[in-house]
Amino acid sequence: MSDAVPAATPGLVLAGGLSRRMGGGDKPLRMLAGRPILAHVVERLRGQCGGLLLNANGDPARFAAYGLPVLADTVPGFAGPLAGFLAGVDWVAAGRPGAGWLVSVAADTPLVPDDLVARLHAARAAAGTPLACAASAGRRHHAIGLWPVALREDLRTALASGERRLGRWTEKHGVAVAEWPAEPVDPFFNINTPEELAEADGLLR
């Protein structure tokens with residue numbers, strides 16, 4: 001399939017955070033409307049992608065029920081989402097050499113829209129940029145976006161030099177923005193605290 005076909009784009013679910021505001025542990029495995037948060041994210045993303053990957057550190061067996069390749073960061077010390085993106089594009093380069101992009105979604109965003117991948121591709125094609133990210137309510141969501149496999153060596157170099165800020169690295173290369181309305185519900189509502197978990201539960205039910 002062509003890289004221009006959004007359905008061919010592999011998807012990466014980012015679950016490598018430390019979940020400090022949730023009290024630690026695996027936030028994506030917390031229950032939401034009767035299922036783990038991660039199950040909601042996987043369900044919404046699976047039909048849009050040419051296969052899914054999971055970025056998580058520690059024992060991969062705890063995610064075995066999802067049947068997904070689990071990629072640990074290759075950069076030590078919890079270097080943040082950029083390290084997860086690098087693990088993802090390295091996997092795509094080796095295992096899916098025909099794919100030019102990887103789409104990423106945070107594992108704590110259970111309301112991801114079903115047109116995410118298509119609209120991100122449309123935005124980057126229209127802008128002529130290699131990268132695209134989602135936005136809502138005037139706020140960019142840098143962790144939810146398209147990552148070109150061709151930039152993986154530049155990303156590796158940036159991480160080795162200490163770069164950790166998503167926005168700074170993407171702006172260097174050019175990033176298109178695809179905006180979604182935040183009403184009646186923000187599709188990029190993310191869960192960081194027990195209170196937000198309860199709010200998300202109400203939204204889904």
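This is a predicted model: local features need pLDDT of at least 70, side-chain atom pairs count only at pLDDT 80 or more; totals for chains, interfaces and linings use all residues.
Local features require pLDDT of at least 70 and side-chain atom pairs pLDDT 80 or more, whereas totals for chains, interfaces and linings use all residues. Residues are numbered from 1 along each chain as its sequence is written, and side-chain values use heavy atoms, with hydrogens and water left out.

The sheet is open and consists of 7 strands in the order E5-E4-E1-E6-E8-E7-E9, with mixed pairing. Strands are DSSP runs of at least two residues (E), and helices are runs of at least four (H or I), numbered from the N terminus; two strands pair if DSSP finds at least two bridges between them. Strand E5 (70-71) and strand E9 (175-180) are the edge strands, each pairing on one side only. E9 pairs with strand E7 (residues 131-136) in the parallel sense over 6 bridges, and Ala135 has Glu179 in E9 as its bridge partner.

Two packed helices are described by the angle between their axes and the distance between the axes. The axes of helix H4 (residues 152-160) and helix H5 (residues 166-173) come within 12 Å and cross at roughly 140°; axes are lines fitted to C-alpha atoms, for helices over the stretch in contact, and angles run from 0 to 180 degrees between N-to-C directions. Asp154, Leu155 and Ala158 in H4 meet Trp169, Lys172 and His173 in H5, contact meaning heavy atoms within 4.5 Å.

Asp26 forms a salt bridge (a side-chain nitrogen of Lys or Arg within 4 Å of a carboxyl oxygen of Asp or Glu) with Arg62, their closest N and O atoms being 2.6 Å apart. This pair links distant parts of the chain, 36 residues apart.
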